[in-house]
Each structure stands twice: as structure tokens, then as C-alpha cells.
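Hi everyone, thanks for coming. Today I'd like to walk you through one structure, step by step. Please have a look at it before we start.

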Amino acid sequence: MENRIAEHPILGVQEKGRTVTFTYDGKELTGCEGEPIASALKAAGVMVHRYTKKEHKPRGIFCAIGRCTDCVMVVNGQPNVRTCVTPLKEGMKVQTQYGVSEKPFEEK
């Protein structure tokens with residue numbers, strides 16, 4: 001877990017919470033309770049959070065302060081959650097976002 005973000009530009013120094021389990025695209029991962037979801041994903045090696053609707057381009061952490069939408073994902077069934085500022089909780093279901101959905105784009 002040495003890849004963990006220790007200090008967030010907006011949220012400040014991250015206190016290491018207890019280890020919690022969550023799922024990412026159906027795969028079970030662990031992170032520290034209370035850290036941004038994006039931080040837990042980065043520590044697990046996940047860098048792509050969504051794909052753009054128009055050009056299907058990958059996006060991930062960019063601003064890390066909740067201003068852009070590059071880190072949005074589907075969290076517990078809700079699309080467009082800014083994972084860079086949303087605290088991780090036990091049992092969260094996190095999914096890659098495709099446009100505004102958790103379903104991959106259909107090939108044309």
C-alpha cells in the first residue's frame with residue numbers, strides 16, 4: 001500500500017482508517033476507510049475510471065479536487081460520483097463508467 005496518497009490538495013493529510021473491502025467492476029479490493037475512492041483505486045493500480053461518451057477515451061484522476069469530471073464513476077448504482085473527493089466505505093460497489101452508465105459501449 002505504498003502507492004497510497006498521503007496528502008490530498010483539498011482534504012488535507014489523510015488519516016489511515018481501518019482496512020475495508022469494496023468491489024471494483026466485480027473484483028474485491030481493499031482500501032482505507034475514509035480515504036477518497038480514487039486513492040484506494042490508485043493504490044490498487046486502477047488508473048482508468050471512466051470512458052468518454054463521444055470518443056470512448058479513458059479518463060482517471062486529473063484535478064483530484066472535485067472540479068473536473070475525469071474521475072467520475074458509478075458508485076452503489078449512482079453514476080457521476082466524483083471519486084477523488086468521495087470517502088471510501090465498507091462494501092461500496094464501484095464501477096467503471098461508460099458515458100453515463102456502467103454498461104460498456106456497444107460496437108457500431
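At 0% relative accessibility, Gln97 counts as buried, where buried means under 20% relative accessible area, exposed over 50%, and partly exposed in between, with a 1.4 Å probe and protein chains only. You will find Gln97 in strand S10. What does Gln97 touch, if we skip residues up to four places away in sequence? The list is His49, Arg50, Tyr51, Val72, Met73, Val74, Pro79 and Asn80. By touching I mean contact, that is, heavy atoms within 4.5 Å.

A quick word on where this comes from. This is a predicted model, in which local features need pLDDT of at least 70 and side-chain atom pairs count only at pLDDT 80 or more, while totals for chains, interfaces and linings use all residues. Residues are numbered from 1 along each chain as its sequence is written, and side-chain values use heavy atoms, with hydrogens and water left out.

Now the overall layout. The protein has one helix and ten strands. Helices (H or I, at least four residues) and strands (E, at least two) are DSSP runs, numbered from the N terminus. Reading from the N terminus, the order is β-β-β-β-α-β-β-β-β-β-β. Of the 108 residues in the protein, 40% are buried. If we take contacts between residues at least 6 apart in sequence, 45% of them join residues at least 24 apart.

S3 and strand S4 (residues 27-32) run antiparallel and are joined by six bridges; Phe22 has Leu29 in S4 as its bridge partner. The hairpin of S3 and S4 has two residues between the strands, and there Asp25 takes a positive phi near 50 degrees. S3 also runs parallel to S9, with two bridges between them, and Tyr24 has Val94 in S9 as its bridge partner. Further along, S7 and S8 run antiparallel with three bridges, and Met73 is paired with Val81 in S8.

In a regular strand the side chains alternate between the two faces of the sheet. Which residues of S3 are on the covered face, and which on the uncovered one? Val20, Phe22 and Tyr24 are on the covered face, and Thr19, Thr21 and Thr23 are on the uncovered one.

That brings us to the largest nonpolar core, which has 14 residues. A nonpolar core is a set of buried Ala, Val, Leu, Ile, Met, Phe, Trp, Tyr and Cys residues joined through side-chain atoms within 4.5 Å. Phe22, Tyr24, Ile37, Leu41, Leu88, Met92 and Val94 touch the most other members. Strand S3 (19-24), helix H1 (37-43) and strand S7 (72-75) each give two or more residues to this core. Leu88, leaving out residues up to four places away in sequence, touches several residues, including Val20, Phe22, Cys32 and Ile37.

There is a second open sheet, of three strands, ordered S6-S5-S10 with mixed pairing. Its edge strands are S6 (58-59) and S10 (97-98), each pairing on one side only. Strand S5 (residues 50-51) and S6 run antiparallel with two bridges, and Arg50 has Arg59 in S6 as its bridge partner.

Last, the cysteines. Cys63 is partly exposed at 22% relative accessibility, and Cys32 is buried at 2%.

Definitions and conventions
Pairing = 2+ DSSP bridges.
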